[in-house]
Structures are given as structure tokens and as C-alpha cells.
Amino acid sequence: MESGRIKTGFVMGPKLSRSDALGLGGLGLAGFLGLWGALSFFGIVPVEFLPSPFAVGSRFIDLFAEPFAGFTLPQHLGSSLLRYLYGVLLAACIGIPLGLAMGWFHLLDDIVTPIFNGLRFIAPIAWVPFAALWFGTGIGGPILIIFAGAFPPCLINAYRGARFVEPRLVEAARMLGTNHGRMLTEILLPASVPSIVAGLRVAAGLGWQSLVGAELIVASAGVGFMMVQAQASVQTTTVMAGMVAIGLTGLAIDVALRQGERWLHNRLGLD
Amino acid sequence: MASIRFDKVQKYFGRGEKRTHALANIDLEIRDREFLAIVGPSGCGKTTCLRLVAGFEAASEGAVSVAGKRVTEPGPDRAVVFQQFALFPWKTARGNIDLGLRNKRMGGEERAKRIADVLKLMNLDSHADAFPHQLSGGMQQRVAIARAYVLDPEVLLMDEPFGALDAQTRVVMQEELVRLARVRPRTVLFITHAVEEAVYLADRVAVMTRRPGTIKEIVDVKSMREAEDWNRFERIEDVMDLDSFVHLRTRIWKSLREEKDS
Amino acid sequence: MAWRRQLVGLSTIITVALAWYLATSVTGFISGGRFPSPVDTWAAFRQISGRGYADGTLLAHALHSLRLVAMGFAVAIATGVPLGLLMGWSRRAEALINPVFLLIRPIPPLAWIPLAILWLGLGDAAKIMVIWFAAFVPAVINSFAGVRAVEPALLEAARMLGTPPWRFITEVLAPSASPMIFTGLRLSLQASWTTLVAAELVGALFGLGRVLNLAQQDIYPGMILVGMLAVAICGWLTTGLLALGEARALAWNQGESRPAS
């Protein structure tokens with residue numbers, strides 16, 4: 001037994017046991033859901049504005065079969081995800097090669113950086129009017145906005161990866177007479193992979209954000225569109241079910257990318 | 001009387017399979033106003049000894065007490081000088097020194113007087129309002145020592161305080177510490193892996209074994225220092241040239257060497 | 001090298017401006033219905049600065065949006081930073097609050113907009129609510145991480161000096177976490193602007209987003225560009241202001257000079 005136990009002081013304290021942590025976490029969740037449920041059950045907030053957690057859950061399930069604003073929830077999600085995929089892929093396909101090239105060719109860096117820095121202060125969502133004007137509200141408009149959200153992290157991380165690559169690797173490649181193209185594809189690209197992957201994860205998050213924004217404003221299908229339609233007809237339950245769907249999908253994307261990142265790190269023997 | 005006592009102290013880290021035995025049966029007394037240095041191979045638990053006195057760790061068995069009181073938590077009566085200085089980077093030298101005094105709820109005038117006093121003692125006058133990052137390593141450590149000394153602690157705990165300094169600064173700080181020990185003697189527990197430093201500074205040097213750490217032997221330096229009157233020299237290199245110093249240093253080296261090789 | 005960089009940068013901007021002029025006004029390569037020429041943009045700017053557009057001048061719209069961002073951001077700091085510090089400070093608080101936080105966090109702030117409109121209407125309150133939600137998350141996460149990244153030796157030093165709890169929070173934990181807190185605030189500010197613009201685009205009576213929205217309906221490219229530029233400039237101004245505050249608050253962290261001993 002430990003004798004003369006030291007008071008652990010008031011900072012952090014010792015690690016909680018698993019059961020304590022689970023208990024407290026459960027308590028927190030129960031408190032949150034309980035408060036929500038009580039507010040709506042006792043009519044403190046009118047049910048039409050704050051439906052109970054249970055009502056939101058069952059609406060979420062209903063929406064799988066019952067169409068709202070023209071489509072069922074999976075159909076809305078499907079069209080959201082398609083746009084999202086196009087937007088993020090486009091951002092990655094342009095941002096990563098450009099970033100790498102900027103990290104290698106200083107002239108390109110000097111040319112692109114001022115433009116990029118100027119455009120960066122424009123919130124992606126502020127592109128909405130032009131997006132609608134140029135590409136309409138179908139699939140093109142939202143893609144431009146997702147692209148605007150996902151592009152900066154793709155470019156920046158590829159650029160940083162290439163710029164701050166171990167100088168000795170570059171010197172070694174030079175000594176071996178490597179040409180520019182091969183330098184980019186065989187030295188800088190592989191060396192920047194961890195940075196690029198981290199950037200992709202950020203890009204995926206920001207792209208998902210932008211998608212939601214875009215669909216709220218310019219779209220004729222998609223989860224965001226569904227939520228705006230529900231808001232217009234004061235169907236709070238459907239709005240909240242849409243939030244659940246967006247949250248879950250975003251979470252799934254993030255988890256999948258984290259797993260991918262971890263797998264890659266193991267594969268490359270990092271960490 | 002502020003002595004430090006280790007009473008049959010055992011220390012384990014971790015539990016179950018991963019449990020390691022860090023300190024085994026440490027029995028040691030550091031007398032009032034005595035300067036005791038602990039040397040030992042790295043990982044032997046020297047620093048753990050200090051952290052037990054400071055109250056950062058608890059003994060698994062046995063007890064550590066200071067001035068007859070059992071240690072239960074950290075406190076300003078046992079001031080610590082850390083290896084990496086541990087100065088608050090957002091506070092000036094003066095702010096760092098002041099914090100402990102404010103925590104004691106001391107009045108403004110008294111604090112100002114004490115701070116002025118300790119700044120002078122540590123030759124920090126012109127750096128009082130500098131932030132740590134503006135100071136050299138040696139200066140930072142002066143601030144850390146001043147922060148500890150200004151509290152007028154019963155005991156002073158120093159964990160390889162000069163380990164992070166370059167060789168020249170280190171020598172200056174060692175001389176400074178000897179000067180300080182003469183002006184303001186305190187009970188000091190000093191952890192180091194440098195044998196010369198230990199012999200130069202300490203009244204007694206305790207040699208520790210490899211893990212699990214035990215006190216292997218305690219070498220008396222004080223009687224030799226007084227007999228040979230080392231204190232007549234101002235500079236460390238003059239002391240280090242003395243046969244008596246070399247003799248003690250070699251003896252402790254050999255004792256330590258047996259530990260490292262075994 | 002620095003001057004060369006600036007020279008290239010400057011000539012790039014001039015080239016882009018020239019290309020814009022040539023493509024829209026001279027050659028008509030890009031039609032005015034798709035993207036405005038410099039002249040169209042200037043005319044739109046003159047119109048909104050003088051007579052006004054969407055019920056107000058540009059300055060009035062911009063000040064309105066700035067005020068909403070400032071208010072939402074302030075509420076987010078006042079709630080998010082203390083919560084993050086608390087969760088960093090106590091593992092119990094972390095265990096209690098974190099699951100709720102994890103439940104809400106995956107919902108992007110923009111997804112709150114329809115609910116906010118349902119609850120609070122098209123006025124300012126709904127905007128402040130969504131900005132608060134958007135800026136809250138980065139403020140909490142970074143304050144929390146800042147506390148947990150404090151060097152343990154500093155905590156020990158503070159305890160050794162007998163620091164009482166309140167002083168411990170204000171003079172040790174908070175300053176030590178402050179570089180991370182400011183990182184969080186930068187993200188919060190960015191999120192605030194994005195959210196505000198989105199919320200105003202979805203539905204608003206006044207503000208820069210309202211200008212964009214109306215200009216889109218009117219198919220008025222010059223005004224769209226003016227609105228976008230106004231949003232960018234506002235964002236740039238507030239970011240600069242925050243950076244200024246950061247430089248002041250973290251003066252102890254800025255110095256690069258470390259004289260040798």
C-alpha cells in the first residue's frame with residue numbers, strides 16, 4: 001500500500017479510472033438530453049420549435065422512406081455527397097500539384113502567392129452569387145463553393161511539404177542529376193505525403209462546411225436544400241433531422257480519413 | 001532546525017507488470033545547514049529523491065520529513081531550483097521572484113525590499129525587468145535561484161541546476177553558489193552527475209547505486225575542506241588543483257565507475 | 001532576394017489587373033453579364049457608397065456586419081475560453097463535458113442557420129447565435145489543448161511557490177495557454193465571418209450578405225464583386241486587429257534576441 005499519499009493538488013489530478021470517466025460522460029450526456037427533453041416535454045419551449053430528441057430521431061428514420069422536398073433523405077445525401085466528392089477532388093487535383101510546383105519553382109511561388117493571399121480573405125461562401133451566376137444551382141454552383149473551401153489547405157500543405165523537405169534529400173537528388181519533373185514526382189511528392197494527407201483532412205472538413213452553406217443558398221436538392229425547405233414551412237423536426245444527417249456524415253468522413261492517415265503513417269513508418 | 005530525513009523510503013513507479021523499483025530502502029539524514037550532494041549513474045533515482053522532498057511524488061513506503069514534519073505536498077518552505085529553470089516566460093525576472101512572496105501575502109514594501117536585496121545578491125540588478133527569453137542561460141538560472149532564495153526557505157532543493165549551462169557559465173555559477181552558501185547558509189539537497197561539482201560544493205557527497213537506487217556510501221568532504229582550508233581560494237581551478245581535492249574526486253569517481261560498469 | 005519577390009508580386013498584380021481590363025472592357029472576351037469590368041465595378045461602388053443599395057450605403061452594411069461579428073465573437077470568447085480552460089484544468093470536467101461536446105461538434109456551424117432562423121427570425125439575434133456556435137468550438141478546443149500542453153515543470157514551480165488556485169489559473173494556466181488560445185481565436189474569427197456571410201445570404205434584412213444576395217437576384221455582377229471585396233476587407237481588418245492584440249498580449253513570447261552569456 002502507498003503510505004504518505006501526496007495531495008495531487010488542484011491541477012488536472014490523476015487520470016480517471018475507466019469506469020469514472022464513462023460514468024461522468026454518461027451523466028453529462030444524460031443531463032444534456034434530459035434538459036432538451038424536459039424543455040420540450042413540459043412545453044417550456046413550444047414543441048413546434050423544439051421537438052423532443054425522440055421525435056427528431058424518429059423523423060430521421062422516417063425520412064429514409066418518406067420523401068421531403070422531392071426526395072428521400074438518402075437521395076438528398078447522395079446528391080450532396082456527389083457534389084462534395086467532385087468539389088474536393090477538383091481542389092486536390094489542382095491544389096496539390098500547384099502547391100508542389102510552387103514549393104520547387106520560386107518564380108511560380110512569387111507569382112501565385114500574392115494572388116492567393118488576396119483571394120484567401122474572401123470567405124468561400126461569398127462566392128455563392130458568382131457560383132450561381134456562372135454555373136447555376138444544379139451541381140456546378142455548389143461545386144465551385146466546395147472547391148473554394150477545400151482548395152487552400154490542399155495548396156498550402158503541398159507547398160509546405162515541398163518547401164520544407166529535408167534539404168539533404170534535395171541535394172542528394174541534385175547530385176544524382178535529377179531533372180525538374182522527376183524531382184517533383186519522385187522526391188518532393190513522396191516527401192510531402194504526410195503534410196498533404198493532413199491538408200486533405202482539413203480540406204475535407206472545410207469542404208463539408210462549404211457544401212452545407214452552398215446547399216442552404218443555391219441548390220435544388222441535397223440535405224442543405226431539404227433543411228431550408230423545412231425551415232420555410234416551419235418543420236423544426238425535419239430541420240433537426242437534417243442536422244443529424246449532416247453531423248453523422250461529416251463524422252464518418254472524418255473518421256474514415258483519420259483511419260486512412262493512420263494506415264498511411266504506419267505504412268510509411270512515421271511516428 | 002531544518003533537517004531532511006529519509007526514513008526507509010521505497011519508491012515504485014507503475015503498477016502490475018510494468019512496475020519498476022526506483023528507490024530501495026533509502027535511509028538518509030541531511031543535517032541543518034548542511035550541503036549534501038547526491039551523485040549517481042543516470043536513471044538511478046537521484047531526481048526522484050529530490051522530488052520526494054519537494055512533495056511532487058509520494059514515497060511508496062517509508063517517509064520523508066523536513067524539520068520533523070512529514071512531507072505531504074509542495075510548498076514554499078522547500079524551494080526548488082529546476083534543471084530547466086522553469087521560469088514563467090510571461091513574467092519578468094522581478095515578476096518571477098515576486099510570485100512566491102505574493103503567495104505568502106507579504107506587504108508591498110517588504111516585498112520590494114526583499115526583491116531588491118536578492119537581486120543585488122545574485123548580481124541581477126540591471127536585468128530585473130527583462131523577460132526570461134531576453135536573458136542568457138546563466139542569467140535565467142540566477143533568476144531561478146533568486147526566486148528560491150527570496151522565500152527564505154528552510155531547505156533548498158537543486159536538481160542538476162547547472163546541467164543546462166555551458167562549461168564557462170557553469171564554473172561562474174558554481175563559484176557564485178559557494179559564495180551564496182557562505183553568506184546565507186541553508187540546508188541544501190543538490191543533485192548532480194558531475195563529481196567535481198559535488199566535491200567542490202558539498203559538505204557530504206552521497207553516491208547512489210544503479211536502479212533500484214540505494215545510498216552506496218557517503219563521503220565526507222567538509223572535514224577535508226576545513227583541514228586543507230579550501231576556502232582561502234576564490235577560484236574553482238585553484239581548488240581543483242589541490243591533492244586533497246583530487247584524492248576525493250578520484251575516490252568518488254571509482255565508486256561511481258563500479259556502478260556504471262557493472 | 002526580398003526585393004525580387006516583391007517586384008514579381010507587384011508585376012503579377014498589375015498583370016492580373018490589366019488582364020481583367022482587357023478581357024472585360026476592351027476585347028469583350030468575358031461578357032459583362034458574367035463578370036464585371038473595372039468600370040462596372042467602380043460604378044457599382046459609386047452607387048452603393050452614394051445613393052446606397054439594399055436599403056443602405058456600403059459603410060452602413062459593413063458596420064452592421066462588423067457589429068454582428070464582434071458581438072458573436074465576443075460571446076464565443078467569453079464562453080468558450082473559460083470552458084476550455086476548465087476542461088483542461090480538471091479531468092472530471094473534461095469527462096463530464098467532452099461527450100456532449102463531441103455530440104454537437106460534428107454539426108457544421110452553417111447547419112445551425114435554418115434552426116437559428118426558425119427560433120430567432122431573420123434579425124440580428126439569429127446571426128449572433130450562429131456566429132457564437134461557429135466561433136465557440138475552436139475557442140474551446142485550443143484553450144483546452146493550451147492548458148494540457150503546459151510544461152509540467154512550470155506547474156510544479158507554481159505549486160512549489162505555494163500559488164493559490166485563482167492566481168494559478170490567471171497567472172500560470174491562462175498565460176501559458178495564451179499562444180494556443182490566440183491560435184484558436186484566429187480560427188474562431190475566420191469561422192465567424194464565414195458563418196455571418198452564409199447566414200446573411202440565407203436570409204437577412206441588412207448587411208453585406210444582404211447586398212450579395214440582392215445583387216445575385218438582380219444579376220448585378222458589379223455589385224457582387226463590390227460585396228465580395230467588402231467582405232474580404234472587413235475580414236482582413238478584423239484579422240489584423242486580432243494580430244495586433246496578440247502581439248501585445250504575447251509580448252513576452254515575441255522576442256528573438258537571446259544574447260549569449
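Guide: Start with the two domains of chain B. Their centres, taken over C-alpha atoms, are 24 Å apart. Keep in mind that this is a predicted model. The domain assignment gives domain 1 of chain B two stretches, 1-72 and 156-262. Domain 2 of chain B runs over 78-152.

Now look at where they touch. Domain 1 of chain B brings 17 residues to the contact, and domain 2 of chain B brings 12 residues. Stay on the domain 1 side. Three elements of chain B each give two or more residues there: α1 (46-54), β7 (155-159) and α5 (167-183). The strand β7(B) gives the most, with 4 residues. Sort this side of domain 1 by class, and you find 11 nonpolar, 3 polar and 3 charged residues.

First, find the peptide bond from Arg211(B) to Pro212(B). That bond is cis, with omega near -5 degrees. Pro212(B) sits in a loop, between β9 (204-208) and β10 (215-220) of chain B.

Next, go to Asn25(B). Its phi is positive, about 50 degrees, although Asn25(B) is not a glycine. Asn25(B) belongs to a strand, β2 (residues 20-30) of chain B.

Then take Asp229(B). This residue is not a glycine either, and its phi is positive, near 50 degrees. Asp229(B) lies in a loop, between α7 (222-228) and α8 (236-241) of chain B. The count within 10 Å is 10 other C-beta atoms, so Asp229(B) is exposed. The cut-off for exposed is 12 or fewer.

Turn to chain C. What is its secondary structure? Chain C has 11 helices and 0 strands. A compact globule of 261 residues would have a radius of gyration near 18 Å, but the value for chain C is 23 Å. Along the principal axes, the C-alpha atoms of chain C fill a box of roughly 75 × 55 × 30 Å. Of the 261 residues in chain C, 48% are buried. Consider contacts in chain C between residues at least 6 apart in sequence. Of these, 73% join residues at least 24 apart.

Zoom in on one helix of chain C, α4 (residues 91-104). Still, α4(C) has a bend of about 35 degrees at Ile97(C). A proline, Pro99(C), follows within four residues. Both Ile97(C) and Pro99(C) are buried, as are Glu94(C), Ala95(C) and Leu96(C). What do the buried residues of α4(C) pack against? They pack against α3 (58-89) of chain C, together with α1 of chain A.

Leave the helix and step to Pro108(C). This proline is in the loop between α4 and α5 (113-120) of chain C. Pro108(C) has 28 other C-beta atoms within 10 Å, so it is buried. The cut-off for buried is 20 or more. Pro108(C) and Ala198(C) are 90 residues apart in sequence, yet their C-alpha atoms are 12 Å apart in space. Leaving out residues up to four places away in sequence, Pro108(C) touches Trp208(A), Gln209(A), Val212(A), Ile246(A) and Gly250(A).

That brings us to the two chains together. In all, 51 residues of chain A are in contact with 49 residues of chain C. Six helices of chain A each supply at least two residues to the side that touches chain C: α1 (18-41), α4 (106-120), α5 (128-135), α8 (180-217), α9 (223-232) and α10 (236-268). The largest share, 8 residues, comes from α10(A). By class, this side of chain A has 38 nonpolar, 11 polar and 2 charged residues.

How values were computed: Residues numbered from 1 in each chain as written. Chains lettered and ligands numbered in written order. Predicted model: local features only at pLDDT ≥ 70, side-chain atom pairs only at ≥ 80, totals over all residues. Contact = placed C-beta atoms within 7 Å. Nonpolar A, V, L, I, M, F, W, Y, C, P; charged D, E, K, R; others polar. Domains from an automatic or database assignment. Bend = angle between axes of the 7 residues up to and from the residue. Rg over C-alpha atoms; globule rule 2.2 N^0.38 Å.
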